Amino acid sequence: AEKEQEVQKHVRAAEKRIEKALKPLSDRLLEAPLKDICDRLAPNDCSLVGEQFVGDLVQDLISARAAERRREAQQAERQREEAKAKAAAQKAAEERAAEVKAAATKAAEAKAAEAANLQRKA
C-alpha cells in the first residue's frame with residue numbers, strides 16, 4: 001500500500017509536469033502525432049502516466065484553445081457590429097442636425113423676406 005501511494009505520488013507529479021510542458025506548445029506542435037509530443041516531454045513522465053492521458057490532455061488543450069479563439073472571434077464581431085451601429089447613429093445624428101440647420105436657415109430667410117416686405121410697404 002505504501003509503495004502504491006509512492007507510485008501515485010510520482011504519477012501525479014508527472015501529470016503536473018506534463019500539463020505544464022504542454023501549455024506553451026504551439027497549436028502546430030499540439031497537432032503532431034502523439035509519439036512526437038511524448039518525445040518532447042520527459043520520456044519517463046510520458047511512460048509513467050501513459051500516452052492516453054497525454055492524448056486526452058492534448059485534446060483538452062486544443063479544444064480550450066479553439067473555444068478561446070471562437071470567443072475572441074465572437075467578441076471581435078460584436079465590436080465590429082457595435083462600431084457599425086455607432087457609425088450609423090453618428091451619421092443619422094449628423095443628417096438630422098443638417099436637416100434642422102437647413103430648416104432654421106429657411107425659416108430665418110422667410111422671416112427676413114417678410115421683414116423686407118413690411119419695410120417696403122411702410
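Read along the sequence, the protein runs α-α-α-α-α. The radius of gyration is 35 Å, well over the 14 Å that the globule rule gives for 122 residues, so the protein is more spread out than a compact globule. The model is a predicted one. In the count of elements there are 5 helices and 0 strands.

The dimensions of the chain can be followed in the C-alpha trace, which spans about 120 × 30 × 15 Å along its principal axes. Of the 122 residues in the protein, 16% are buried. The exposed surface comes to about 9,700 Å², and carbon and sulfur atoms supply 54% of that area.

Taking the contacts between residues at least 6 apart in sequence, 65% join residues that are at least 24 apart.

Ala 89 belongs to helix α5, which covers residues 51–121. Its relative accessibility is 46%; because partly exposed covers values between the 20% limit for buried and the 50% limit for exposed, Ala 89 counts as partly exposed. Gln 119 lies 30 residues away from Ala 89 along the chain, and the C-alpha atoms of Ala 89 and Gln 119 are separated by 45 Å.

Key: Residues are numbered from 1 along each chain as its sequence is written. This is a predicted model: local features need pLDDT of at least 70, side-chain atom pairs count only at pLDDT 80 or more; totals for chains, interfaces and linings use all residues. Side-chain values use heavy atoms; hydrogens and water are left out. Helices (H or I, at least four residues) and strands (E, at least two) are DSSP runs, numbered from the N terminus. The radius of gyration is taken over C-alpha atoms; the globule rule is 2.2 Å times the number of residues to the power 0.38. Buried means under 20% relative accessible area, exposed over 50%, partly exposed in between (1.4 Å probe, protein chains only). Contact means heavy atoms within 4.5 Å. Accessible areas come from the Shrake-Rupley method with a 1.4 Å probe; for residues, only the protein chains shown count as cover.
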